[in-house]
Amino acid sequence: KMSKAKRKSSRSSKKKIIIKKSFFKNPLFNKIIAVVLIIIALLILTWKFPVAKPVDKNPIVINSKLLKSENVKNIPVRIIIPKNNIDLKVTPSKIVNGYWETSDVSASYGLGSGNPQSKSNTVIFAHAREGLFYNLKDVKIGETIYVFSKDKWFRYKVNKIKTVLPNQIEVISPTKNEVLTLYTCSGFYDEKRLIVSAIPQE
C-alpha cells in the first residue's frame, strides 16, 4: 500500500501538472507568446547585418600621363553597341583629385584621354548596372561599336577583352595608335575591372 506521504506527493504533482496545462491553454498566455514571436521576427528582418564592402569601387584612378592631354576635338556624346542593346548618352568626366568622376545616369568620357580620330586612347566608362554598362560583359570580339561626337560618328571593332585589377591603370594610358577603351566593374563585389578594347573600322 502507498504511504500517506507518497499519496500526498502524488496528488501534489498531479495538481502541478494540471495547473501547468491550464496555464498553457490560457488565451492570454498564447497572445503574449504570439506578440513576443512577432517582435523577434521584426527584429530579425530589420537587423542590418554586416556586409563586405566592394574593393576599390569607382571613381576611377587615372593615369597621370593623361593630365598632359589637351585634346578637345570630337568629344564623345553617345555610344551604341547594337548587338548588346547598349545605347547611352556620354558626358564628360572631370578629373577631381586624381580621379575621374563616374555618372549614375550615363556613360562617361574621361577628359584628358584621347578622342575619336586621334592617335591615342579614348576612354569611356560606366557603372555595371542595368541601363548602363551591365551588358558589356556579353560583348564579343569582332562586334561593332559606334561612338558619336556632336557632328560625326565613328565605327570601331572589338579586338580585345580582359579583366584587370583596379590598380592596373596602364589600360587607360595614352597609346601610339587610335584605340577605344570601354571600362566597367566586374567580379565578386566589383573587385575587378572589365576592359573592352576596340580599333577603328573602315
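**View 1. The largest pocket holds about 230 Å³ of space.** Of its 14 lining residues, Lys160, Val171, Val179, Thr181 and Ser197 are the closest to its centre. β9 (153-164), β10 (179-186) and β11 (192-200) each bring at least two residues to this lining. A pocket here is an open set of 1 Å grid points, over the protein atoms alone, where a 1.4 Å probe fits, with protein on both sides within 12 Å along at least five of seven lines; lining residues have an atom within 4 Å of a point. A volume is the space filled by probe spheres set on the points. Strands are DSSP runs (E, at least two residues), numbered from the N terminus.

This is a predicted model: local features need pLDDT of at least 70, side-chain atom pairs count only at pLDDT 80 or more, and totals for chains, interfaces and linings use all residues. Residues are numbered from 1 along each chain as its sequence is written, and side-chain values use heavy atoms, without hydrogens and water.

**View 2. The second largest pocket has a volume of about 160 Å³.** Look for Gln117, Trp153, Phe154 and Glu202 among its lining residues. β9 gives the largest share of this lining, four residues.

**View 3. Glutamine 117 sits in the loop between β6 (107-110) and β7 (121-125).** Its phi is positive, about 75°, although glutamine 117 is not a glycine.

**View 4. Asparagine 85 lies in the loop between β2 (78-81) and β3 (86-93).** Here too is a non-glycine residue with a positive phi, about 55°. Asparagine 85 counts as exposed, at 70% relative accessibility.

Technical notes
Buried means under 20% relative accessible area, exposed over 50%, partly exposed in between (1.4 Å probe, protein chains only).
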